[in-house]
Amino acid sequence: MEYISTRGSASALDFEGVTLAGLASDGGLYLPAEWPRFSEAQIADMVGLPYAELATRVMWPFVEGSLTEEELRSLCQQAYGRFAHKAVTPLVQLDERQWLLELFHGPTLAFKDVALQLLGLLFETFLSRRQSNLTIIGATSGDTGSAAIDAVAGREGVDIFMLHPKGRVSDVQRRQMTTARAPNVHNIAIEGSFDDAQAMVKRMFGDADMTGRFNIGAVNSINWARLMAQVVYYFASALQLGALHRPVAYSVPTGNFGDVFAGYVAAQMGLPIAQLVVATNVNDILHRALSDGDYSTGTVTPTDTPSMDIQVSSNFERLLFDCGGRDGAAMAEQIRSFEADKAMQLTNSQREGASALFTSVRADQQQVLQALRWAHENAGEVIDPHTAVGLHAALASELDPSIPMVTLATAHPAKFPDVVERATGLRPNLPSRVGDLFAREEAYSELPGKYDAVRDFVTQHASPAA
Ligand SMILES: *Cc1c(COP(=O)(O)O)cnc(C)c1O
């Protein structure tokens with residue numbers, strides 16, 4: 001498969017190339033040159049497969065040319081063998097129509113494990129082939145950092161430097177990062193806010209001295225391989241609910257538009273998806289864009305669902321490009337004007353293309369707490385607040401009630417115990433597999449909020465490109 005950039009001027013790359021590159025050199029995001037499409041017979045043939053085998057079938061068209069089918073199968077077996085549930089992403093029924101797709105059975109209790117566990121193995125495979133090293137730099141407000149660290153800890157050829165704002169991530173989240181204790185993992189507690197840390201990371205990507213010396217890579221959801229791995233659980237759940245004979249709808253708690261874009265990809269591949277509900281918290285740029293075409297930023301309001309507190313939703317560009325006729329030059333121009341004005345209007349073709357599959361719902365704090373209580377009182381399920389944003393949107397949806405509605409459960413409730421307790425009176429316990437988190441020794445460095453300090457630290461500890 002060949003991949004092209006949404007901004008039209010970076011050269012096309014194969015799957016190995018886009019996995020290691022992350023962002024395209026023209027600032028765009030990579031997408032497959034065309035969507036692979038399964039026949040009904042091929043989809044019918046996937047019913048009942050074990051997760052790793054299903055993952056191999058669904059992802060194969062995207063990786064062909066860079067991996068053999070046997071290599072892909074082996075990586076899927078390793079990645080998904082680390083999940084605590086044999087089904088990897090089990091479905092739970094809440095009432096006649098509402099379902100939860102539990103995506104939090106991986107090592108760090110958030111859905112990001114599903115993609116990052118595979119990405120860590122892909123990095124290792126491709127880097128050993130090229131005899132080169134990758135230096136991953138990231139900033140995290142919580143979930144991404146721990147999932148990325150767990151995925152690459154101890155892997156050959158990769159060093160990871162993860163910045164978190166000192167004193168501003170939860171104890172569980174910090175310990176999930178700082179107890180990894182592998183020589184290639186470098187946690188940095190930085191003075192300042194998440195935005196300060198993020199700004200330093202961006203600066204390093206543009207620092208020619210650093211990029212000349214090191215192969216700097218990214219693990220956020222601009223990386224195509226992450227989205228690809230997330231397509232699989234749409235297939236797994238829809239097939240279980242009888243798709244092909246009936247369509248299925250999804251409600252997806254959304255921040256950077258990665259997880260819900262994976263649902264769009266599944267639909268392009270032939271999976272009968274009736275609707276994708278984009279569920280946002282009060283940071284609702286996506287809700288405004290989808291309901292009236294207004295994509296404009298403001299300031300971030302902190303909420304009980306920190307992983308969805310965003311202003312700019314990077315992966316939305318992929319949808320706009322695909323719905324807008326795949327015109328890279330026009331996309332580059334649209335983004336340039338957005339960056340200048342902090343606002344843009346969607347074109348008619350973008351609005352029409354998006355509204356064929358997407359709707360959106362915004363949940364405020366009271367509605368999130370109500371949805372948490374609803375799950376507990378009506379179905380005996382304790383859910384996390386991000387999942388509750390999705391469930392609120394699912395319950396508010398006006399779709400034909402004969403269509404099953406699946407809410408993606410993106411985090412384990414024990415990651416956010418205070419909010420869960422406030423809504424339900426119950427304090428969820430960490431699952432036993434991470435139970436000794438508070439007994440393990442932590443390791444991290446503290447640095448002042450100065451770019452030079454971070455740059456010097458990385459320079460001292462990272463391996464040169466080759
Ligand atoms: C990252 C995250 C999200 C948002 O996912 P996107 O792919 O960025 O839309 C939602 N819930 C949780 C718990 C997350 O960690």
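This is a predicted model: local features need pLDDT of at least 70, side-chain atom pairs count only at pLDDT 80 or more; totals for chains, interfaces and linings use all residues.

Residues are numbered from 1 along each chain as its sequence is written, and side-chain values use heavy atoms, with hydrogens and water left out.

**The ligand and its surroundings**

- There are 15 residues around the ligand, and Lys112, Asp143, Gly255, Asn256 and Thr410 come nearest (being near takes a heavy atom within 4 Å).
- Sorted by class, that shell holds 5 nonpolar, 7 polar and 3 charged residues; Ala, Val, Leu, Ile, Met, Phe, Trp, Tyr, Cys and Pro count as nonpolar, Asp, Glu, Lys and Arg as charged, and the others, Gly among them, as polar.
- The side chain of lysine 112 has an N or O atom 2.5 Å from an oxygen atom of the ligand.
- For aspartate 259, a polar backbone atom sits 3.0 Å from a ligand oxygen.
- In the side chain of serine 307, an N or O atom is 3.5 Å from an oxygen atom of the ligand.
- On its own the ligand has 390 Å² of accessible area, and the protein covers 96% of that (areas come from the Shrake-Rupley method with a 1.4 Å probe).

**Lysine 112**

- You'll find lysine 112 in helix 5 (residues 112–130); helices here are DSSP runs of H or I with at least four residues, numbered from the N terminus.
- Lysine 112 counts as buried because its relative accessibility is 12%, and buried means under 20% relative accessible area with a 1.4 Å probe, protein chains only.
- Setting aside neighbours within four places in sequence, lysine 112 is in contact with Asp143, Thr144, Ala147 and Arg226 (contact means heavy atoms within 4.5 Å).
- An unreviewed UniProt entry annotates Lys112 as "modified residue: N6-(pyridoxal phosphate)lysine", and such annotations may be inferred rather than shown by experiment.

**Glutamine 230**

- Glutamine 230 belongs to helix 10 (residues 224–240).
- At a relative accessible area of 1%, glutamine 230 is buried.
- Beyond its neighbours within four places in sequence, glutamine 230 is in contact with Phe111, Ala115, Gly258, Asp259 and Ala262.

**Helix 13**

- Helix 13 (residues 316–323) has 8 of its 8 residues buried, so the rest of the structure largely encloses it.
- Among the buried residues of helix 13 are Phe316, Glu317, Arg318 and Asp322.
- After helix 13 comes glycine 325, with a positive phi near 90 degrees.

Notes: Helices (H or I, at least four residues) and strands (E, at least two) are DSSP runs, numbered from the N terminus. Buried means under 20% relative accessible area, exposed over 50%, partly exposed in between (1.4 Å probe, protein chains only). A polar contact is a pair of N or O atoms within 3.5 Å; within protein, one must be able to donate a hydrogen and the other to accept it, and residues adjacent in sequence count only if both atoms are side-chain atoms.
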